[in-house]
Amino acid sequence: TRAPPENENDGQSALKRPKVEELEEDIDGKMHMEDGDDVTPLEEKATLETWNDCSWDEKIASQHPDWIDRPPFTVSGKRYLQPGKSIEQVLPSCPFDALKDECRTDEWMKRKRKAAEVAFDKGWKAIEDDNFANCQLNESEVKKFFDALPYNLVSFVSFDVLGIYAKDETHCYCPCSSKCVMWRKQFDLDGVLDNCQIDDCGNTFKSSEPHGLMQHLETKSRNKKGLHFFVQLYVVELYGPPYCGSVGHKGLYPKSSKSHRQAEAYEKKIMVRAYKKLEDELKQERRENEKLEQEVKQHEEDFKQLEKVSEDLAERLKDQEKNAKLLNVDVEQMKELEKDMDSKRIDQFYQSYRGIMRGFVNMIDMG
């Protein structure tokens with residue numbers, strides 16, 4: 001069994017992203033651009049081998065159940081993320097812009113992998129303690145599923161948002177449902193569900209808020225028969241204390257419980273901090289804009305001064321040409337002559353010279 005990659009890298013993919021509107025299909029069904037370059041669809045780009053070379057947007061676009069099933073987003077049944085487009089632009093109804101910053105980091109991925117490891121150990125021990133009663137799983141299949149679960153980017157989105165808007169909290173999907181079929185194909189997990197029919201949710205589970213997903217997992221895992229039991233342990237391990245302070249995520253508790261109220265209060269504190277941070281960033285942006293406006297104004301004044309200097313220089317050049325002709329020398333000789341005299345002496349020199357020449361001309365006329 002191939003293991004998922006150890007390290008996350010959210011940098012841009014080294015693979016070229018196509019201009020989907022320019023895609024053409026050849027006789028073998030292979031996609032390429034008008035200039036002949038081959039194009040890789042997201043399903044083939046975001047695989048076990050290339051996972052670390054893909055951007056976060058490419059990864060989640062390759063898995064998301066709400067991907068737009070029409071050109072230019074889907075061509076011949078394959079997904080393509082247009083160049084310059086973010087996942088927020090393609091799926092604006094999904095709350096990706098409300099995700100907490102930590103959820104796209106390597107540290108968060110490490111925490112997810114650790115939660116999966118702990119949940120697997122706890123779950124398998126519980127099944128062993130029950131002497132595998134009614135269990136339809138084997139250890140290697142569960143391990144394979146949990147090695148891949150941290151790389152499921154769509155199932156728990158609404159656990160990871162700030163929760164500013166209620167609609168942002170309605171995007172949870174059971175990993176065993178048809179909503180996560182693309183993720184299971186990426187990590188070769190469909191065989192696990194085939195061997196454990198009780199875990200196949202099919203189309204029965206739609207998108208839900210965190211409470212709805214937890215209720216679903218609780219119902220399906222009461223007899224510890226399958227993967228839902230393990231997924232429930234994973235969610236509790238990942239989003240329980242110390243996540244969201246000493247309580248855990250509010251979605252783990254009944255809405256009327258004290259723990260839910262405490263978790264909700266902590267969440268509001270996080271939101272206040274986020275608002276404060278945003279307010280500080282806006283203030284800083286205003287200060288930078290004001291500074292930029294002052295710099296632009298100063299540059300405009302400097303430019304006007306340069307224009308004035310340029311006009312003076314142009315006028316001086318004309319004078320040099322005129323005076324050089326008067327003295328019967330070239331302009332370069334005129335410049336050398338002026339180096340030894342300041343502007344006031346130069347003007348006096350030319351005035352005296354012109355006066356002498358006028359007097360000489362008058363004498364000739366009188367003679």
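Visitor: How do the residues of the lining of the largest pocket divide into nonpolar, polar and charged?

Guide: They divide into 14 nonpolar, 1 polar and 9 charged. Here Ala, Val, Leu, Ile, Met, Phe, Trp, Tyr, Cys and Pro count as nonpolar, Asp, Glu, Lys and Arg as charged, and the others, Gly among them, as polar. Before we go on: this is a predicted model, where local features need pLDDT of at least 70 and side-chain atom pairs count only at pLDDT 80 or more, while totals for chains, interfaces and linings use all residues. Residues are numbered from 1 along each chain as its sequence is written, and side-chain values use heavy atoms, with hydrogens and water left out.

Visitor: How much space lies in that largest pocket?

Guide: About 630 Å³. A pocket is an open set of points on a 1 Å grid over the protein atoms alone, where a 1.4 Å probe fits, with protein on both sides within 12 Å along at least five of seven lines; lining residues have an atom within 4 Å of a point. The volume is the space filled by probe spheres set on the points, which are joined across faces, edges and corners.

Visitor: Which element gives the most to the lining?

Guide: Helix 10, with 8 residues. Helices are DSSP runs (H or I, at least four residues), numbered from the N terminus.

Visitor: OK, charges now. How many salt bridges does a search of the whole structure find?

Guide: The search finds 15, counting a side-chain nitrogen of Lys or Arg within 4 Å of a carboxyl oxygen of Asp or Glu.

Visitor: What does E58 pair with?

Guide: K45, with the closest N and O atoms 3.5 Å apart. E58 lies in helix 2 (residues 56-63) and K45 in helix 1 (residues 42-45), so the bridge ties together parts 13 residues apart in sequence.

Visitor: Is E58 buried or exposed?

Guide: Buried, at 1% relative accessibility, and K45 is buried at 1% too. Buried means under 20% relative accessible area, exposed over 50%, partly exposed in between (1.4 Å probe, protein chains only).

Visitor: Which residues are linked in a network?

Guide: D57, E88 and R104, through salt bridges. E88 and R104 have their closest N and O atoms 3.1 Å apart. E88 is partly exposed at 23%, and R104 is partly exposed at 28%.

Notes: Helix = DSSP H or I, 4+ residues; strand = E, 2+ residues; numbered from the N terminus.
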